[in-house]
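Please consider the sequence and the three-dimensional structure shown below.

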Amino acid sequence: MEVSGIANKGKELYINEQIRAKEVMVIGPNGEQLGIKNIKDALTLASYAGFDLVLISPNANPQVCKIMDYNKFKYESKKKQKENMKKQRESNLEVKEYRLSVTIDKHDFDTKVRNSSKYLEKGHKVKVSVRFKGRELAHPELGRDVLMRFAEEVKDIAVIDSKPSLEGRFMTMMLIPNKEK
């Protein structure tokens with residue numbers, strides 16, 4: 001029987017002598033129902049099995065207890081919680097945006113490449129955009145050249161996820177970390 005759906009998951013569960021009910025429904029260590037027992041009989045069963053009597057469902061009538069290794073249960077639930085947090089962190093990768101211009105200076109360009117490289121190495125996505133000002137919009141190929149030069153600089157750690165596309169005054173491109181690393 002799976003015990004992860006416990007009502008008071010965040011709180012400590014009542015075990016052994018902490019349980020204050022007179023009669024409880026007892027579930028064995030392998031998930032089999034042992035029936036309604038007196039609390040003393042249930043504690044005796046648990047001690048013979050070498051486990052703890054844990055109150056799973058305090059709101060049921062009669063209250064439901066399970067015979068299990070409580071320390072092992074706590075360890076596995078913490079381990080499961082850490083694994084869920086790790087998966088959540090992996091799915092919440094951030095997207096960092098770097099804005100360039102058509103007339104960007106070499107030093108500024110190199111600085112943005114260096115900063116984005118650090119961010120890509122951490123496993124995050126990078127959005128690179130070029131903003132066109134005034135008559136620059138008449139020459140979108142200049143912006144595309146800047147974006148492709150940017151992609152060329154970081155090609156060893158990133159690949160192009162979406163090709164440069166023009167949206168209003170901005171041309172954007174997405175870079176994602178290389179999976180081969």
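What follows is a guided reading of the structure.

This is a predicted model, in which local features need pLDDT of at least 70, side-chain atom pairs count only at pLDDT 80 or more, and totals for chains, interfaces and linings use all residues. Residues are numbered from 1 along each chain as its sequence is written, and side-chain values use heavy atoms, with hydrogens and water left out.

Helices (H or I, at least four residues) and strands (E, at least two) are DSSP runs, numbered from the N terminus. The phi angle of Asn 16 is near 45°, a positive value in a residue other than glycine. With a relative accessibility of 17%, Asn 16 counts as buried. Buried means under 20% relative accessible area, exposed means over 50%, and partly exposed lies in between (1.4 Å probe, protein chains only).

Pro 62 is located in the loop between β3 (52-57) and β4 (63-68). Strand β4 contains Val 64, which counts as buried at 16% relative accessibility. Between Val 64 and Asn 30 there are 34 residues of separation in sequence and 15 Å in space, C-alpha to C-alpha.

The discussion now turns to aromatic rings. A pair of aromatic rings is described by the distance of the centres and the angle of the planes. Rings of Phe, Tyr and Trp (its six-membered ring) pair if their centres lie within 6.5 Å; planes under 30 degrees apart count as stacked, over 60 as edge-to-face, and the rest as tilted. The structure holds 2 aromatic pairs. One of them is the edge-to-face pair of Phe 109 and Phe 150, with 5.8 Å from centre to centre and 90° between the planes. Because Phe 109 belongs to helix α3 (residues 106-121) and Phe 150 to helix α4 (residues 140-153), this pair ties together parts that are 41 residues apart in sequence. Both Phe 109 and Phe 150 are buried.

Charged side chains form the next topic. Side chains of opposite charge can pair when their charged atoms come close. A salt bridge is a side-chain nitrogen of Lys or Arg within 4 Å of a carboxyl oxygen of Asp or Glu, and the count by this rule is 3. Helix α3 holds both Asp 110 and Lys 106, which are 4 residues apart, about one turn of the helix. These two form a salt bridge whose closest N and O atoms are 3.1 Å apart. Asp 110 is partly exposed at 26% relative accessibility, whereas Lys 106 is exposed at 54%.

Another salt bridge links the side chains of Glu 97 and Arg 99 at 3.7 Å, N to O. Glu 97 has a relative accessible area of 35% and is partly exposed. Glu 152 and Lys 155 also meet in a salt bridge, at 2.8 Å, N to O. Here Glu 152 is partly exposed, with a relative accessible area of 46%, while Lys 155 counts as exposed at 52%.

Finally, Lys 96, Arg 114, Lys 118 and Lys 122 gather in a patch of positive charge on the surface. Patches are made of residues with over 30% relative accessible area and no salt bridge, like charges being joined within 9 Å and nonpolar side chains (Val, Leu, Ile, Met, Phe, Trp, Tyr) within 5 Å. Lys 96 is placed in strand β5 (residues 95-101) and, at 36% relative accessibility, counts as partly exposed.

Technical notes. Accessible areas come from the Shrake-Rupley method with a 1.4 Å probe; for residues, only the protein chains shown count as cover. Lys and Arg count as positive and Asp and Glu as negative; His and the chain ends are not counted. The place of a charge is taken as NZ of Lys, CZ of Arg, CG of Asp or CD of Glu.
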